[in-house]
Amino acid sequence: MAHIVLDGASVELAIYNSRGRGLKSEILRRTVGGGLQNDRDSSIQVVKALSEVSLEARDGDRIGLIGGNGAGKTTLLRVLSRVYPPTSGIASIEGRVSSLIDLAMGMDTDATGYENIEMRSIMLGLDYKQAQAIIPDVEEFSQLGDFLSLPIRTYSSGMMLRLAFAVSTAVHPDILILDEVIGVGDAAFAERAEDRLHNMIQKASIVFLASHDNNSIRRFCNRTLWMKGGKLMMDGPPDEVLAAYAADSAV
């Protein structure tokens, strides 16, 4: 059974060659949401992108993440996806994770579509036999045909997204991580993608969804986290947290 515990989890990121460039430093500060701190090395700035976040998620949790741009939502999702280990604190994550926040992660543009199915599947936690087993499903869903035998550098951006989405959603995770509800490709494919995604949400033990769309938060989530400046401000029922966030934003 899936289970997540974060205890005082913080993430600090080193940004090189940004000191002394006022505009760039300000953009970085606004983008990451946390504070920029001077390091001893004058060429380095340290960004505290996540600050002492504690939470627990259990089977059945459908958790929305809200907050302004740079609030720390994506950093938190990357910790939950095991992409970023906390620089301090604890992140205990039990269960297979499928993350749809970086669809192209683990993809090699010089490799064929088939080779990328294998590589991304293994990165998502499958073994070689399991990766081979999902190929027919990816073939059928992506509808890329003979292009799967070609290097993906020959693909359009839409074809790349189709392949990455098809692979990522062919894996049945215990923990599903989403950054917005994804729309992929033309209208017909997007409708199929939405149905596939909703099926994943229903089957996953734990779901995290970061979104700026309050309707999506209310539709999919039974619990909501409000992030601000890399900190967890509130954790509770969606309507209560959304109301608190709206009141804060209006100030």
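Select Phe-147 to begin: the residue is partly exposed, with a relative accessible area of 39% (buried means under 20%, exposed over 50% and partly exposed in between, with a 1.4 Å probe and protein chains only). The model is predicted, so local features need pLDDT of at least 70 and side-chain atom pairs count only at pLDDT 80 or more, while totals for chains, interfaces and linings use all residues. Residues are numbered from 1 along each chain as its sequence is written, and side-chain values use heavy atoms, with hydrogens and water left out.

A search of the whole structure finds three aromatic pairs. One of them joins Phe-147 and Tyr-155 edge-to-face, at 6.3 Å centre to centre and 90° between the planes (rings of Phe, Tyr and Trp, the last by its six-membered ring, pair if their centres lie within 6.5 Å; planes under 30 degrees apart are stacked, over 60 edge-to-face and the rest tilted).

Now move to Phe-141. The charged end of Arg-192 sits over its ring, 4.5 Å from the centre, and Arg-196 lies over the face of Phe-141 at 4.1 Å from the ring centre. Such a placement requires NZ of Lys or CZ of Arg within 6 Å of the ring centre and within 35 degrees of the ring normal.

Finally, select Ser-10, which is buried, with a relative accessible area of 2%. Ser-10 touches residues including Lys-48, Leu-50 and Pro-86, not counting residues up to four places away in sequence (contact means heavy atoms within 4.5 Å).
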